[in-house]
Amino acid sequence: MNEHTLGRRHFLKTLTAVGAGLPVVPILESRLVWAVDRSAKTAYDPAAKFELTVSEVEMRRNSAGRMLMARIYQPKGAGPFPTVLDLHGGAWNAKDRHAEEPMDRSLASSGLLVVAIDMTLASEAPYPACVQDANYGVRWLKSKAASWNGDPSKLGLYGSSSGGQVAELLVMRPHDSRYNAIQLAAVPNVDATVAYAAMRSPVSDPLARFKNAEKHNRAAMVKNHTVFFVPWDTIHESNPQEILDRHEPVSLAPLLIMAGALDDNVLPEIQEKFVAAYRAAGGEVQFQIFEGAEHEWVANEGPQTDRAREMVKAFVARQLKAKT
């Protein structure tokens, strides 16, 4: 067998492994093979402590010409480490991969490969652009995780606020042709399914949040919605609550939803309604109200923030132990 044929066989095996969610490891002369020994994975202990290496790479250039970056929080250790994709909030109009850095560092230091990505902002392109970025991000991370000592076989999401809405859409519609429109030519057989999603203050019903902003004369928040949902009817089509109310066929990965009792942005009762609908559809949800907490309470250090971090870690640990 000549060098070209051998190299091609290794390349094809690599693509097969990535498509199946298996980790890929380097061998001599930079060739790649798939790792079939699943017992070699690092067992996740949420109480573990690892030092981190933090780096950044380019993910893709969006339609507005901006390079979307990815920030990688990589534990220093044998690995491979379970992998989490972080989707930032910002009411679809602001923030980037740095938004949840304290949470990302906390999760990664417990032994998770955490990758936070930029997403297209509404001023650059309306819905579904950012959801397409996130869908691409899932597939891209599955193909790249092994190079950062990650194991993508049970890749999960962490989403905040509007990033939580994006996470819910990815969970429920992993194969939606609108969302997977951005091709990943190197690994075309990788899909965007995820094993779970943990969320802080997700916008589970954007129409309800819009009406709440109108009620309180919050012009900036009203504009955030009207800039993102173009045409306006997409606020119904992309509404996680309404998707469930319409009894659309959906995927139902386990969810963790954390909400602040004092959140006047996404009201606790909005979250409670979504949780009830998701459970009624057959999904599993861990739902927790944080007393004395507002919409972005995890941005401030304190007992409730510490509790949220530990809750996410414990939730991830349960999902990684669950049978597939």
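Predicted model: local features only at pLDDT ≥ 70, side-chain atom pairs only at ≥ 80, totals over all residues.
Phe50 counts as partly exposed, at 26% relative accessibility.

**Aromatic pairs**
- The count comes to 12 aromatic pairs.
- The ring centres of Phe50 and Phe81 lie 5.2 Å apart with planes at 80 degrees, so this pair is edge-to-face.
- Phe50 sits in the loop between strand 2 (32-34) and strand 3 (52-61), and Phe81 in strand 5 (residues 81-87), so the pair ties together parts 31 residues apart in sequence.
- Tyr127 and Phe228 also form an edge-to-face pair, because their ring centres are 6.0 Å apart and their planes stand at 75 degrees.
- This pair links the loop between strand 6 (113-117) and helix 3, which holds Tyr127, to helix 6 (residues 219-228), which holds Phe228, across 101 residues.
- Tyr127 is buried at 6% relative accessible area, and Phe228 is buried at 1%.
- A cluster linked by ring pairs contains Trp92, Tyr127, Tyr179, Phe210, Phe228, Phe229 and Trp232.

**Nonpolar cores**
- The largest nonpolar core has 62 residues, and Leu87, Val115, Trp140, Leu157 and Val171 have the most contacts inside it.
- Helix 3 (residues 129-144) supplies the largest share of this core, 7 residues.
- Apart from this core lies another of 24 residues, among them Ala116, Met258, Met311 and Val312.
- Beyond its neighbours within four places in sequence, Leu157 is in contact with residues including Val84, Leu87, Val138, Val171 and Tyr196.

**Cavity**
- The whole structure holds 1 cavity of 30 Å³ or more, and the largest cavity contains about 50 Å³ of space.
- Its lining includes His88, Trp92, Cys130 and Val166.
- Helix 4 (residues 162-172) gives the most to this lining, with 3 residues.
- The lining residues of the largest cavity comprise 5 nonpolar, 5 polar and no charged.

Methods: Residues numbered from 1 in each chain as written. Heavy atoms only, no water. 1 Å grid on protein atoms, 1.4 Å probe; cavity = no way out; pocket = protein on both sides within 12 Å on 5 of 7 lines; lining within 4 Å. Points joined across faces, edges and corners; volume = space filled by probe spheres on them. Helix = DSSP H or I, 4+ residues; strand = E, 2+ residues; numbered from the N terminus. Nonpolar A, V, L, I, M, F, W, Y, C, P; charged D, E, K, R; others polar. Core = buried A, V, L, I, M, F, W, Y, C linked by side-chain atoms within 4.5 Å. Buried < 20%, exposed > 50% of the residue type's maximum accessible area, 1.4 Å probe, protein only. Contact = heavy atoms within 4.5 Å. Phe/Tyr/Trp six-rings, centres within 6.5 Å; stacked < 30°, edge-to-face > 60°.
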